[in-house]
Amino acid sequence: MNARRARTTIVLAGFALVAGACGGSQPTSNPPSPQPVASSPSPVPSPSPVPSPSAEVVADPAPVVEGQPYRPDLPPPEDFVPVIDNPYMPFITGTRTVFEGVSDGQRERNVVVVTDRTKVILGVTTTVVHDQVFSANGDLAEDTFDWYAQDRFGNVWYFGEDTAEYANGKVSSTTGSWEAGVDGAQPGVVMLAQPTVGESYHQEFLKGEAEDVGTVVALDESVTVPYGSLDQILVTEDTTPLEPQILEHKFYAPGIGVVMERVLRGGQEVSRLVSYTPPS
């Protein structure tokens, strides 16, 4: 999730850039199922039910406060649930998504699988998501295990990653790895329970290493990717003070999660979803 990996691990099936204008109305609490184009190789799934947060929910538990140090409002371990089913970031065990395209001028393929493994971090049982990037010739370029958990209000928290880059079949770098609670690292939120346009939040935090920030910029966009044509798209703008020249937009479809990522400034990378396989 750090800026380096956001530019190199998620990649495009072609060079075409697709993005809708950032604007629209907030989705209802139960957004309709997005409809795929006729040529889509598999049907777009119906969105997961939208969580019904209690009145206690903190609208933004990982706020960006100008001039103030980051202090996440992390719930206690007992306030986390075993299944990540936020409609815009459902990480259900067995789900497999594939992105293809170009990054740093090279064609790549990104495969993301929600495993049945867990890891306890700061007392919270997190879900392990396996994210692999392959080069055009099929060689493994990056191998990452990400750790996520959802609180009972519906916020999806990010607790860190164990990542390794490969060159000639060997690990060349583990830069970008971090774990909440270790060396001052703190968890962030990668998807809010109740996204609101203009809301900014810390996605991760390790001083000088992982400082990504997300801002909700649209809630009702449409986008076309190789997988299909999708509506009710949530769009975020992602930045990091570590690389202020980089500006990226991410597109999330209800019931699927990320379907496209596009660097608008500081690079020309863009990724699009080509395959989505829910648990059998």
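Select V156 first. Leaving aside neighbours within four places in sequence, V156 is in contact with I84, N86, M89, Y148, A149, Q150, G188, V189, V190 and M191. Contact means heavy atoms within 4.5 Å. V156 has 0% relative accessibility, so it counts as buried. Buried means under 20% relative accessible area, exposed over 50%, and partly exposed in between, with a 1.4 Å probe and protein chains only.

A word on the model. It is predicted: local features need pLDDT of at least 70, side-chain atom pairs count only at pLDDT 80 or more, and totals for chains, interfaces and linings use all residues. Residues are numbered from 1 along each chain as its sequence is written, and side-chain values use heavy atoms, without hydrogens or water.

Now show the strands. V156 belongs to strand β6 (residues 156–167). Strands (E, at least two residues) and helices (H or I, at least four) are DSSP runs, numbered from the N terminus.

Move to strand β5 (residues 140–151). Nine of its twelve residues are buried. Nine bridges join β5 to β6, and the two run antiparallel. Two strands pair if DSSP finds at least two bridges between them. Pick D146: its bridge partner in β6 is E161. Then find G154, in the four-residue turn of the β5 and β6 hairpin, with a positive phi of about 115 degrees.

Look at another partner of β5. Strand β4 (residues 124–135) pairs with β5 in the antiparallel sense over eight bridges. Select T127 to find its bridge partner in β5, Y148.

Next, the core. The largest nonpolar core has 53 residues; Y148, F159 and L273 are among those with the most contacts inside it. Such a core is a set of buried Ala, Val, Leu, Ile, Met, Phe, Trp, Tyr and Cys residues joined through side-chain atoms within 4.5 Å. Strand β12 (residues 213–225) gives the most to this core, with six residues.

Finish with rings. Which residues do ring pairs link into a cluster? Select F91, Y148, Y158 and W178. Rings of Phe, Tyr and Trp (its six-membered ring) pair if their centres lie within 6.5 Å; planes under 30 degrees apart count as stacked, over 60 as edge-to-face and the rest as tilted. The count comes to six aromatic pairs. Y227 and Y276 are edge-to-face, because their ring centres are 6.4 Å apart and their planes stand at 65 degrees. Y227 is buried, at 0% relative accessible area. Y276 is buried too, at 8%.
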